[in-house]
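Here is a short briefing on a protein model.

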Amino acid sequence: MTQPPHDEQTAASPEELREQVEGTRQGLGKTIESLAARTDVKTTKAQEKAADVRQQAAVKAGELKVKAAEAAHQVQDKLPDPVKDKAVHAAEQARANAARAGHLLQEKAPEPVRQKAAQGARAARDNRTVLLAATVGAALVWLACRRGKR
């Protein structure tokens, strides 16, 4: 027979062995709770940090939207009325063409393509100001290039 290690207790009866097992279970339970509490602290800190980063990103996005809107208004204020009218007309044509393309897409495109197109449309709707500013900027560049060639 082998002898148990020095730190283990030997049981004289099955009842004593059961008590030792129960004591060991309770000790392990406390150890596990302690380890879980340490892990929860780390998880909580990580969640707080993630929330801070999300909040900072939202603030920055809001600032960028405001700046883009201001830039768009400045550009619109500087545009001559004929250019504004052409831009409005071009936007109406673009909407009509997009609607036709959307209907065609719904009829003939496979499902994954439809999902990607819907995702792109949502992104465009969410960023209208930026798209408008980019369109106006492109119109100004086009006008400048056109006047430079004359």
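A pocket is an open set of grid points, on a 1 Å grid over the protein atoms alone, with protein on both sides within 12 Å along at least five of seven lines. The second largest pocket here has a volume of about 270 Å³. The model is predicted. The whole structure also holds 3 salt bridges.

**Second largest pocket**

- The second largest pocket has 13 lining residues.
- Val83, Lys86, Trp142, Leu143 and Arg146 lie nearest the centre of the second largest pocket.
- At least two lining residues of this pocket come from H2, and at least two from H4.
- H4 contributes the most to the lining of the second largest pocket, at 7 residues.
- The lining of the second largest pocket comprises 8 nonpolar, 1 polar and 4 charged residues.

**Largest pocket**

- H2 provides the largest share of the lining of the largest pocket, with 9 residues.
- By class, the lining of the largest pocket splits into 12 nonpolar, 2 polar and 5 charged residues.

- Side chains of opposite charge can pair when their charged atoms come close.
- The search of the whole structure gives 3 salt bridges.
- Arginine 18 pairs with glutamate 15 in a salt bridge, and their closest N and O atoms are 3.6 Å apart.
- Arginine 18 and glutamate 15 are separated by about one helical turn, because they sit 3 residues apart in helix H1 (residues 14-78).
- Arginine 18 has 53% relative accessibility, so this residue counts as exposed.
- Glutamate 15 has a relative accessible area of 46%, so this residue is partly exposed.
- A salt bridge also joins arginine 25 to glutamate 22, where the closest N and O atoms are 3.6 Å apart.
- Arginine 25 and glutamate 22 lie 3 residues apart in helix H1, which means a separation of about one helical turn.
- Arginine 25 is exposed, because its relative accessible area is 55%.
- Glutamate 22 counts as partly exposed, because its relative accessibility is 36%.
- Glutamate 63 and lysine 60 form a salt bridge through their side chains, at 3.8 Å from N to O.
- Glutamate 63 and lysine 60 are 3 residues apart in helix H1, so about one helical turn separates them.
- Glutamate 63 is partly exposed, with 39% relative accessible area.
- Lysine 60 has 49% relative accessibility and counts as partly exposed, because the cut-off for exposed is over 50%.

**Before H1**

- Where is threonine 10 found? Threonine 10 is in the segment before H1.
- Is threonine 10 buried or exposed? Threonine 10 is exposed, with a relative accessible area of 54%.
- Threonine 10 and glutamine 20 are 10 residues apart along the chain, and 9.0 Å separates their C-alpha atoms.

Key
Residues numbered from 1 in each chain as written. Predicted model: local features only at pLDDT ≥ 70, side-chain atom pairs only at ≥ 80, totals over all residues. Heavy atoms only, no water. Salt bridge = Lys/Arg side-chain N within 4 Å of Asp/Glu carboxyl O. Helix = DSSP H or I, 4+ residues; strand = E, 2+ residues; numbered from the N terminus. Buried < 20%, exposed > 50% of the residue type's maximum accessible area, 1.4 Å probe, protein only. Nonpolar A, V, L, I, M, F, W, Y, C, P; charged D, E, K, R; others polar. 1 Å grid on protein atoms, 1.4 Å probe; cavity = no way out; pocket = protein on both sides within 12 Å on 5 of 7 lines; lining within 4 Å. Points joined across faces, edges and corners; volume = space filled by probe spheres on them.
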